[in-house]
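This report describes the fold of a single protein chain and the surroundings of selected residues. Please consult the sequence and the model while reading.

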Amino acid sequence: MKKITYLIGGIVLGVIISYFTLDYTGWTIYEMDDKGNTAKITNELDFDLLTNSFLIILACTLLIYIAGTLLEKYRKK
């Protein structure tokens, strides 16, 4: 049960760090028609942001999981 808590804690901490450190502005593409009016608006995802967020979440999860299991091991001794 503690290992699941470590994993969830790592994910939550990773999401918080990713939210505050990575600046997401989003990509918006405006397509105009012949008269200069907006015909279509396209919002795209930033894959660099997704990759960096995933790596931060993975690193936080691994660090908390490893630290938690080591603490449990040393407390048993």
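## Overall form of the chain

Of the 77 residues of the protein chain, 14% count as buried, where buried means under 20% relative accessible area, exposed means over 50%, and partly exposed lies in between (1.4 Å probe, protein chains only). The model is a predicted one, in which local features need pLDDT of at least 70 and side-chain atom pairs count only at pLDDT 80 or more, whereas totals for chains, interfaces and linings use all residues. Residues are numbered from 1 along each chain as its sequence is written, and side-chain values use heavy atoms, with hydrogens and water left out.

The protein chain contains 2 helices and 2 strands, arranged from the N terminus in the order α-β-β-α. Its radius of gyration is 21 Å, well over the 11 Å that the globule rule gives for 77 residues, so the chain is more spread out than a compact globule. That radius is taken over C-alpha atoms, and the globule rule is 2.2 Å times the number of residues to the power 0.38. Helices (H or I, at least four residues) and strands (E, at least two) are DSSP runs, numbered from the N terminus.

Along the principal axes, the C-alpha atoms of the protein chain fill a box of roughly 75 × 20 × 15 Å. The accessible surface of the chain comes to about 6,500 Å², and 65% of this belongs to carbon and sulfur atoms; the areas come from the Shrake-Rupley method with a 1.4 Å probe, and for residues only the protein chains shown count as cover. Among contacts in the chain with a separation of 6 or more, 58% are between residues 24 or more positions apart, a contact being heavy atoms within 4.5 Å.

## The pairing of the helices

Helix H1 (residues 2-21) and helix H2 (residues 47-76) have axes that come within 7 Å and cross at roughly 145°. The residues of this contact divide into 11 nonpolar, 9 polar and 3 charged. For that division, Ala, Val, Leu, Ile, Met, Phe, Trp, Tyr, Cys and Pro count as nonpolar, Asp, Glu, Lys and Arg as charged, and the others, Gly among them, as polar. The axes are lines fitted to C-alpha atoms, for helices over the stretch in contact, and angles run from 0 to 180 degrees between N-to-C directions.

Isoleucine 17 is placed in helix H1 and is partly exposed, with a relative accessible area of 31%. Leaving out residues up to four places away in sequence, isoleucine 17 touches Leu22, Ile56 and Cys60.

Tyrosine 65 belongs to helix H2 and is likewise partly exposed, at a relative accessible area of 26%. Beyond its neighbours within four places in sequence, tyrosine 65 is in contact with Lys3, Tyr6 and Leu7.

Threonine 51 also lies in helix H2, and its relative accessibility of 42% makes it partly exposed.

## Tyrosine 30 and selected distances

Tyrosine 30 is found in strand E1 (residues 27-32). Not counting residues up to four places away in sequence, tyrosine 30 touches Thr38, Lys40 and Ile41.

The table sets out C-alpha distances for selected pairs.

| Pair | Separation in sequence | C-alpha distance |
|---|---|---|
| Tyrosine 30 and lysine 40 | 10 residues | 6.1 Å |
| Isoleucine 17 and isoleucine 56 | 39 residues | 7.6 Å |
| Tyrosine 65 and isoleucine 8 | 57 residues | 9.4 Å |
| Threonine 51 and isoleucine 16 | 35 residues | 15 Å |
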